[in-house]
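I opened this entry to look up strand pairing and nonpolar packing. The notes follow in the order I made them.

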Amino acid sequence: MRVLITGTAGFIGFHLTKLLLAEGIVVYGFDGITDYYDVALKKRRHQMLLQNPNFAATEGMLEDRALFERVADEFEPDVIIHLAAQAGVRYSLENPRAYLDANVIGTLNVMEAARRLNVQHLLMASTSSVYGANTEMPFIETEKADTQLTIYAATKKANESMGHAYAHLYDLPTTMFRFFTVYGPWGRPDLALYKFVDAILNGRPIDIYNNGDMHRDFTYVDDLVRAIGLLIDVAPVRPKDGVVPEGDSLSPVAPYRVVNIGNSDKVRLLDFIDAIEDCLRQKAERNYMGMQTGDVPATWANADLLKTLTGYQPQTDFRHGIAKFVDWYLDYHGVKK
């Protein structure tokens with residue numbers, strides 16, 4: 001199998017590529033290596049992947065349609081997995097245009113390549129943020145999600161709508177997966193776990209929003225990419241006569257499905273911070289703050305559909321995942337404890 005993955009120098013793309021290469025799959029990466037966060041970290045990830053002869057990559061922006069088309073045409077993938085995006089809920093408040101360029105125009109270019117090459121399966125990343133102001137939990141794929149609270153979330157919901165249209169028009173099997181608070185080794189410096197560990201070890205206070213009254217469905221990155229790997233082989237099929245199995249998010253008019261990938265466990269943010277302190281054997285200086293604009297007090301995934309489709313469900317305990325991240329952080333930064 002030949003798989004084209006966008007965002008291979010990113011946190012999730014790196015781990016997914018590593019997993020697929022270990023399974024003998026040939027992977028071609030495409031990544032912009034933007035400076036949204038530490039470019040050295042992104043390049044280190046790519047350098048590790050390039051040690052495998054079954055991996056090669058092109059550095060470029062998805063908005064560059066001609067470049068992406070050339071890469072896709074030359075590689076001739078069986079499957080495309082689109083992970084690249086302008087990430088970060090909070091940055092979208094400062095620079096919304098970057099999200100339209102990367103997440104909407106860039107995604108359109110990926111879908112066009114998938115359509116033209118008639119790939120067996122197009123898989124694209126969405127986010128739990130599309131559930132927005134929904135309060136009925138755990139979040140399930142079949143509920144309405146029309147109340148996005150940030151431009152980041154809005155662009156991801158737009159991707160879902162675009163994906164459905166292409167699946168319907170061109171019979172392009174498409175799976176959208178909604179990620180829930182992914183964390184783990186090689187994580188992004190702008191994510192909470194990295195920021196908390198870095199601040200505690202360097203004697204800086206940590207900012208805790210909504211005075212700590214927050215819950216998140218923390219999903220360990222190895223669990224997430226394993227789920228994606230299993231979903232590759234579960235391409236949606238347009239249902240006959242529009243009949244959809246109960247509990248399935250399959251479209252009645254297209255080979256299109258949305259799948260939550262989460263730990264199915266709502267963890268209190270303060271418990272998460274306590275676990276970090278226990279792991280570091282060091283207390284944090286806590287700066288309690290109000291709710292940040294566009295943020296939500298809780299996320300919690302119903303991942304029953306993922307289990308039905310693949311027989312798998314993420315289940316790494318957050319304490320174990322934090323310990324794994326701390327081990328990586330200390331090694332990567334050369335910190336002795």
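I count two residues as in contact when they have heavy atoms within 4.5 Å. The model is predicted, and I read every entry with that in mind.

Entry: F179. I left aside its neighbours within four places in sequence and listed what F179 is in contact with. The list holds I12, L83, L224, I228 and I261, together with A125, S126, T127 and S128.

Entry: the cores. I then asked which residues touch the most other members of the largest nonpolar core. They are I81, F177 and F179, in a core of 64 residues. Helix α11 (residues 318-332) supplies the largest share of this core, eight residues. I also found a second, separate core of 27 residues, with A72, F75, M111 and Y166 among them.

Entry: strand β1. Is β1, at residues 2-6, mostly covered or mostly uncovered? I noted four of its five residues as buried, so the strand is mostly covered, buried meaning under 20% relative accessible area.

Entry: partners of β1. I looked up which strands pair with β1 and found two entries to record. With strand β2 (residues 26-31) the pairing is parallel and runs over five bridges; I5 has G29 of β2 as its bridge partner. With strand β4 (residues 79-82) the pairing is also parallel, over four bridges, and here T6 stands opposite H82.

Entry: I traced the path from β1 through helix α1 (residues 11-22) to β2 and logged a right-handed β-α-β unit.

Conventions: Residues numbered from 1 in each chain as written. Predicted model: local features only at pLDDT ≥ 70, side-chain atom pairs only at ≥ 80, totals over all residues. Heavy atoms only, no water. Buried < 20%, exposed > 50% of the residue type's maximum accessible area, 1.4 Å probe, protein only. Pairing = 2+ DSSP bridges. Right-handed = clockwise from strand over helix to strand, strands pointing away. Core = buried A, V, L, I, M, F, W, Y, C linked by side-chain atoms within 4.5 Å.
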